[in-house]
Amino acid sequence: MTPAIDFQNLTLGYDRHPAVSGLHTKIKAGSLTAIVGPNGAGKTTLLKGLTGTLMPLKGKVLLGSLSRENIAYLPQQSEIDRSFPLSVIDIVAMGLWREIGAFGWLGKERSLRVDAAIASVGLTGFETRAIGSLSGGQMQRALFARLLLQNAELVLLDEPFVSVDSRTMADLIELIQSWHIEGRTVIAVLHDNDLVRKHFPDTLMLARQLVGHGPTEQVLTEENQFRARQMCEACEGPPHVCGRDAA
Amino acid sequence: MWELFVQPFIDYGFMRRALIGCIAISVGATPVGVFLILRRMSLTGDAMAHAILPGAAIGYLISGLSIGAMTIGGMIAGMAVALLSGFATRLTSVREDASLASFYLISLALGVLIVSTRGSNIDLMHVLFGTVLALDDVALIMLCVIASFSTLTLACAFRPLVLECADPNFLRSVSRLSALTHFIFLMLVVINLVGGFHALGTLMAVGIMILPAASARFWALSIGGLILIGVILAVLSSWIGLLLSFHLSLPSGPAIILVAGIMYVISLAFGSIDGIRTNMLRRSSINIRGKLNEL
């Protein structure tokens, strides 16, 4: 398969301090990849690099035929203002932005699709509920419905199962797998290794640098995890220590 | 009743003009206030009201008490402060509230300097407290134009604006309208304040923008409901405030805003949504139910 994403010596960071450095690998189109690594390994940073909200300090990300319009991104602990007076249907219908933009009419056919998306995440009956009254799991279901409507070729999920009950998690994993079957490229930042082993064929392990990337059973090993922790610990403290160690 | 509540508007042209002017301001400014509150930017209105002062003062210096010159001057000053603080936030890591505060204070000092060295005290009072009982045709037309423009713009920018408020990251990920939306919104704040200051003065103009919108929060849950109730409360405040000022010879601007303030306190206490009384009732009903369960 052709690569969907080609990281070419990618270095990302904030304020000239690299958080991910020298990443050089390819993610295949249509793959289902988990990004794992210790805290501060640069996982979220990498997703921000992919969406284009963070410009590379060095190197580049090639997205092939993918345009930025074809990327759907669900940030960690979504920064939605939950006190805002919006209903479930409002928040889900936002997923159609690319089709209807700022002024387009939702129309009958699209509003049926919104209903269908809400149904497929099991929120039927909650359409008019205010988002402030939803539980963490229900909110995440609504956001997945929005992702469904975005209909993107590349789906990026950052810790999608934090503060989500196990039943919701099972349902959402099913959705992710259906995206995989439909041929979409899905990349999820996760910290639950059992979950990754069970549902994610590919794993990219990160510890500010690439630790390993490939089939999950080959990458998610005790040895690699130990190495990743050491690499991250070595990088803590003043940045010059990191440079010396790397040299 | 009729004589008390309606007769003054029938007998006196200046009362009718004042009422029409206030209704125009209510229709234009209150929906903007609803969004200011939803975006947790209630105090931004206050900052902006101060920021327009030097522009209005320069307009006054150039052509006297001309509505046009003062309006354009006020808009330029307000937009300049909004743009400068926006740029400062995007080019550095200074937070928007800090840079806005800095620029509006500079602007305010400049305004006070100009007014106090070149104008008389009466002019200063005019700018600070407005002249709702002396609105001429030009001023009325301008207030109506501003209200219409503001309402239309808000309707056009409604969807991006809601998204920009509720989930700015999502808007940024799907479109490039985010910065533009923010700027259009600040522009609406500025033009409504400039309109309001002719009638109510720079300080009181913020009141009609924020207070009814803040009260509406205790009566409505949807954005449409907030805007509708906010506008109704604003128009009611204007009407009752003008009457109070007529019958008791009070200054009209503060009278209107104080009525809006009283409505806010009533809403806070008795509002059907999240009002203090409603919350107390709910709490006590839970307590009673708890005690019944114990029995």
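User: In this predicted model, which residues does B:Ala77 touch, not counting residues up to four places away in sequence?
Analyst: B:Ala77 lies in helix α6 of chain B. Neighbours up to four places away in sequence are not counted here. The residues that B:Ala77 then touches are B:Ala51, B:Ile52, B:Pro54 and B:Gly55.

User: How far apart in space are B:Ala77 and B:Pro54, C-alpha to C-alpha?
Analyst: B:Pro54 is one of the residues that B:Ala77 touches. In sequence the two are 23 residues apart. In space, C-alpha to C-alpha, B:Ala77 and B:Pro54 are separated by 6.7 Å.

User: Is B:Ala77 buried or exposed?
Analyst: The relative accessibility of B:Ala77 is 12%. Buried means under 20%. B:Ala77 therefore counts as buried.

User: At what angle do helix α5 and helix α6 of chain B pack?
Analyst: Two packed helices are described by the angle between their axes and the distance between the axes. Here α5(B) covers residues 53–63 and α6(B) covers residues 67–91. Their axes are 6 Å apart, and the packing angle is about 145 degrees.

User: In α5(B) passing α6(B), is the crossing left-handed or right-handed?
Analyst: The two helices are α5(B), residues 53–63, and α6(B), residues 67–91. Where α5(B) passes α6(B), the crossing is right-handed.

User: Which residues in α6(B) meet those in α5(B)?
Analyst: From α5(B), the contact takes in B:Pro54, B:Gly55, B:Ala56, B:Gly59, B:Tyr60 and B:Ser63.

User: How many residues of the contact of α5(B) with α6(B) are nonpolar, polar and charged?
Analyst: Gly is counted among the polar residues. The division is six nonpolar, five polar and no charged.

User: Which residues is B:Ser99 in contact with, leaving aside its neighbours within four places in sequence?
Analyst: B:Ser99 sits in helix α7 of chain B, residues 96–118. At 3% relative accessibility it counts as buried. With neighbours within four places left aside, its contacts are B:Ser85, B:Ala88, B:Thr89 and B:Val94.

User: What is phi of B:Arg40, and where does the residue lie?
Analyst: Most residues other than glycine have a negative phi. B:Arg40 is placed in the loop between α3 (13–38) and α4 (42–51) of chain B, and at 60% relative accessibility it counts as exposed. Its phi is positive, near 55 degrees.

User: Is B:Asp274 buried or partly exposed?
Analyst: B:Asp274 is in the loop between α14 (252–270) and α15 (276–294) of chain B. Its phi is positive, about 70 degrees, although it is not a glycine. Its relative accessible area is 38%, so B:Asp274 is partly exposed.

User: Why is chain B described as being as compact as a globular protein of its length?
Analyst: Chain B has 15 helices and zero strands. The globule rule gives 19 Å for 295 residues, and chain B is close to that, so it is as compact as a globular protein of that length, with a radius of gyration of 21 Å.

User: Which residues of α1(A) are buried?
Analyst: Helix α1 of chain A runs over residues 43–51, and seven of its nine residues are buried, so it is largely enclosed by the rest of the structure. After α1(A) comes A:Gly52, with a positive phi near 90 degrees. The buried residues are A:Lys43, A:Thr45, A:Leu46, A:Leu47, A:Gly49, A:Leu50 and A:Thr51.

Conventions: Residues numbered from 1 in each chain as written. Chains lettered and ligands numbered in written order. Predicted model: local features only at pLDDT ≥ 70, side-chain atom pairs only at ≥ 80, totals over all residues. Heavy atoms only, no water. Axes fitted to C-alpha atoms, helices over the stretch in contact; angles between N-to-C directions. Helix = DSSP H or I, 4+ residues; strand = E, 2+ residues; numbered from the N terminus. Left-handed = near helix turned anticlockwise from the far one by under 90°. Contact = heavy atoms within 4.5 Å. Rg over C-alpha atoms; globule rule 2.2 N^0.38 Å. Buried < 20%, exposed > 50% of the residue type's maximum accessible area, 1.4 Å probe, protein only.
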